Amino acid sequence: MNLAVNNPWALTGLLLALLPLFNSGMRTSPAPWTALIPRDTLSAVVVGCLRLCAVAAIAGLVLGIAGLHRTEQSQERIGHGAHIVLLLDRSSSMDNTFAGRAPNGSDESKATAARRLLTDFVKQRQNDLIGVAEYSTSPLFVMPLTENKNAVQAAIAATATPALGFTHVSKGLGMAISFFEQQPVTGSRIVLLVSDGAAAIDHDSEQKLREWFKQQQVRLYWIFLRTAGSPGIFDQPEDSRDDNAGAMPELYLHKFFLGLGSPYQAYEAESPDALKQAIADINQLENLPMHYIERIPKQDLSAACYSVAAFLLLVLLGVKFFEVKQ
Amino acid sequence: MNKALKDYRTWCLLLAVLAMLVLFLYPSKQQKTPTYNYTFIIDITRSMNATDYQQDNQAVSRLHFVKQTLRELLQKLPCESKVGLGLFTERRSTLLFEPLEVCSAYTEIDTAIGKVDWRMAWAADSNIAKGLLSTLEMLQKSDSSLIFITDGQEAPPVNPNYQADFSAVKGQAKGMIIGAGGLQAVPIPKFDSLGKQTGFYARDDVPHRSTFGQSNLDPSQIKGYNARNAPFGSEAATGNEHLTALHETYLEKLAAESGLAYARLTDLKNLNQALQNPKLATEKVVQSDIRWQPALLALLLLSLVYLPKLHKFRPLFRS
């Protein structure tokens, strides 16, 4: 019970609740000698009760005016879900279709397909905490891990604006992992990387990423939106001279992820349907038991205060008509 | 019964009960309150790192001050207002998220503003006019008002021959340009790849003119002019582009061209005032709680019943 009021200054009105203690609020009738009247315990009790009623009525009104409410409460529950960071590629090529062309009426761009399917995905994941990070030449912090699905949707919708520069995946991954710092380890922690290209990661960054993935126990899903004709993540080089990170960044990034030591799954999507399948898989797999906090919104108690006060006022008014007539 | 009606206390209680009846019948009133829908686009180019704002007696960077002021402003916006966030660098801006309702998504918006960093820039030039134009085009379909926060420092300075043309968006655009920074020129801090400051940009570190296209000067006045090989002449350009100050006249000119308003950021109060421009507000009908009015009346009436009798205190007032 965490009670709070909207207007603390209104509580000074509680001083008025002391008034009934000094005054019975009843008409006095003249009596020749009050000592003649015998002591009557019942009367004393009734008068005391009425005074208490008045005190409570005044207090109720004052608390109502002050806006008494119960503050937002949180309750820990156990459900199924995950902490997911969506790491979205904002490089310019995402604005092309899966066929590598500028989008026209019939084909949607990779970014549009990803946006549409991610929007659905977020809708299905009710208990999850979802955060959003983006990267192009540099990483962008977009939305912290949150249960507010509207906020996540707003961030996904904003990727409709034209894409930015190049693909710098290592910095993006670093930022995505940083979302899990200072978060309790419960359920699964996922980085969902959605990209259409890869880039070589330098040695220092590789070291750091390995360390961070292990430290934060993050599982990685990579949805690779493959453009027709471009090298895929499972392609082996035909020529041994091409067997290096510079020529085949996708394959090498995949190899690096495999060697991370943390669970990793890659999907190569060549069409919106394949992308849909990949997202459905993740939706099914990532439902580990998870502690999550359910928020109970702030509850207004002023209505209750007013009701009690109104009831007591009725009582006091009714009792008025039973006063001694003379 | 008659006796009871002759007592003023009965009447007070009766009126108090009536007041409570009114309270339960008409708990709220429809009221028009202004709400806002802003998309803040923050300039994150290097010049925004210049430290010419003061906060708690400490020099802070323009970017830091802008972020801090926006976070404070967020607390002052009425519920149902919406805030979106984007970043500007190079010649365009990007939107991080579309406008979100401020009361339900306060923490999210606040965290996202707090995380804005100059290192998020995806490219390093700064052409504010083009950036503003592309942002206005991007937001054309949205009903959000653009709040473009910048210091007006461009790198390299724009050649007057190649200026952005705002005629397509003028009149449709709604919003403001907010100028950040001081009018005194200050050096721009330089950082290494780990984010540590390694000094300031020197005169030789920055371009002092744009060498794109044709010069805006008369060829006969350019020393060493050659139409094909040296359209800008043979002399190296010099200037004070390594120092930065708020280019207020330039921003005012851009604002006039694009049909936006202009204000300078000095503190929260002045930003709040500037943004409460009635042009940017939409009146929304909200139910406002008016239960306190009848409740206060009932409280006064009830207190009257139990007010101590004055004649008891009379001896105190007699001298």
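UniProt, in an unreviewed entry, assigns the feature "transmembrane region" to residues 43-68 and 303-322 of chain A; its positions are given in the numbering used here, feature names are shortened, and annotations may be inferred rather than shown by experiment. The model is predicted, so local features need pLDDT of at least 70 and side-chain atom pairs count only at pLDDT 80 or more, while totals for chains, interfaces and linings use all residues. Residues are numbered from 1 along each chain as its sequence is written, and chains are lettered from A and ligands numbered from 1 in the order in which they are written.

The two annotated spans are set out below. Helices (H or I, at least four residues) and strands (E, at least two) are DSSP runs, numbered from the N terminus.

Helix α8 (residues 272-285) of chain A has 14 residues and should span 20 Å at 1.5 Å a residue, which agrees with the 20 Å between its end C-alpha atoms; the expected span is 1.5 Å times one less than the number of residues. Leu275(A), Ala278(A), Ile279(A) and Ile282(A) are the buried residues of α8(A). They cover an arc of only 95 degrees around the axis and therefore lie on the same side of α8(A). Here a residue is buried if 20 or more other C-beta atoms lie within 10 Å of its own, exposed if 12 or fewer, and partly exposed in between, with C-beta atoms placed from the backbone; the arc is that of the directions from the helix axis to the C-beta atoms. Asp273(A) and Gln284(A) are exposed on the face of α8(A) turned away from its buried side.

In chain B, helix α6 (residues 248-258) has Leu251(B), Leu254(B) and Ser258(B) buried. These residues fall within an arc of 60 degrees seen down the axis, so they line one face of α6(B). Gly259(B), which follows α6(B), has a positive phi near 80 degrees.

Between the chains, 43 residues of chain B are in contact with 47 residues of chain A, contact meaning C-beta atoms, placed from the backbone, within 7 Å. On the side of chain B that touches chain A, α1 (2-6), α2 (8-25), β5 (92-101), α4 (106-114) and α8 (292-305) of chain B each supply at least two residues.

Note on methods: Contact = placed C-beta atoms within 7 Å.
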